[in-house]
Amino acid sequence: MVTAPAPNAKPGWFFNNNTAAAIALAMKETRKTGWMSLAPMGRMALTQYLLQSVVGVLVFYGLGLGLLGRTRPLTATAIAVLVFAGQLVLSRLWMARFAYGPAEWVWRRLTYAGPVPFLRRSSESRSQPPRS
């Protein structure tokens, strides 16, 4: 079925829609390989958010290096990419041993008002999220 573009559509509508479809298809095909490397970081998102905030304050404000206003945008972007890469490695190492990130564990402990296992059980698969 061929449809005409909407009267107010921009000239690149065909390219934009097909590009989005191609990206979605590529994401679907590589989901189990490439995107799964981000899973440990996603399972400890609150910890990652807090860690990024602390690192950002220490790097850019006067408490640490004080680089705010003294770095170019490309340098600041490179710092952000390095911090993200470091967090990716640390989260993979952390989640290999522990069931939750530190902040997530505290959050669950306060929410459930009882004991929550911190260490990962040896029988659990590393790719599966821990059961509560």
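This is a dialogue on how to read a predicted model of a protein.

Colleague: What should I know about the model before reading it?

Modeller: This is a predicted model, in which local features need pLDDT of at least 70, side-chain atom pairs count only at pLDDT 80 or more, and totals for chains, interfaces and linings use all residues. Residues are numbered from 1 along each chain as its sequence is written, and side-chain values use heavy atoms, with hydrogens and water left out.

Colleague: What is the average pLDDT of the protein, and where is confidence lowest and highest?

Modeller: pLDDT is the predictor's confidence in each residue, from 0 to 100. The protein averages 78, and 73% of the residues score at least 70. Confidence is lowest in helix H1 (residues 13–30), with a mean of 66, and highest in helix H4 (residues 73–97), with 91. Where pLDDT is low, the predicted coordinates should not be read in detail.

Colleague: How many helices and strands are there?

Modeller: Helices (H or I, at least four residues) and strands (E, at least two) are DSSP runs, numbered from the N terminus. The protein has five helices and zero strands, so the order of elements from the N terminus reads α-α-α-α-α.

Colleague: Which residues of H4 are buried, and what covers them?

Modeller: Buried means under 20% relative accessible area, exposed means over 50%, and partly exposed lies in between (1.4 Å probe, protein chains only). In H4 the buried residues are Ile79, Gln87, Ser91 and Met95. Their cover includes helix H2 (39–43) and H3. Over the protein, buried residues make up 16% of the 132 residues.

Colleague: What is Ser91 in contact with?

Modeller: Contact means heavy atoms within 4.5 Å. Ser91 counts as buried because its relative accessibility is 1%. Leaving aside neighbours within four places in sequence, Ser91 is in contact with Pro40, Met41, Met44 and Gln48.

Colleague: And what is Met95 in contact with?

Modeller: Met95, also found in helix H4, counts as buried at 3% relative accessibility. With neighbours within four places in sequence left aside, its contacts are Pro40, Arg43, Met44, Tyr100, Gly101 and Arg120. Met95 and Arg120 are 25 residues apart in sequence, and their C-alpha atoms are 8.1 Å apart in space.

Colleague: How much of the contact in the protein comes from residues 24 or more positions apart?

Modeller: Of the contacts with a separation of 6 or more, 48% are between residues 24 or more positions apart. Glu104 in helix H5 gives a case: the C-alpha atoms of Glu104 and Leu46 are separated by 6.5 Å, although the two are 58 residues apart along the chain. Not counting residues up to four places away in sequence, Glu104 touches Arg43, Met44, Ala45, Leu46 and Thr47. Glu104 is buried, with a relative accessible area of 11%.

Colleague: Is Leu119 buried or partly exposed?

Modeller: Leu119, in the segment after helix H5 (102–112), is partly exposed because its relative accessible area is 46%. Leaving aside neighbours within four places in sequence, Leu119 is in contact with Arg97, Phe98 and Ala99. Leu119 and Ala99 are 20 residues apart in sequence and 5.3 Å apart in space, C-alpha to C-alpha.

Colleague: Which residues form a nonpolar patch on the surface?

Modeller: Patches are made of residues with over 30% relative accessible area and no salt bridge; like charges are joined within 9 Å, and nonpolar side chains (Val, Leu, Ile, Met, Phe, Trp, Tyr) within 5 Å. A salt bridge is a side-chain nitrogen of Lys or Arg within 4 Å of a carboxyl oxygen of Asp or Glu. Accessible areas come from the Shrake-Rupley method with a 1.4 Å probe, and for residues only the protein chains shown count as cover. Here Val54, Val57, Leu58, Tyr61, Leu63 and Leu68 form the patch, with about 590 Å² of accessible area together. Val57, in helix H3 (residues 45–60), is partly exposed at 31%.
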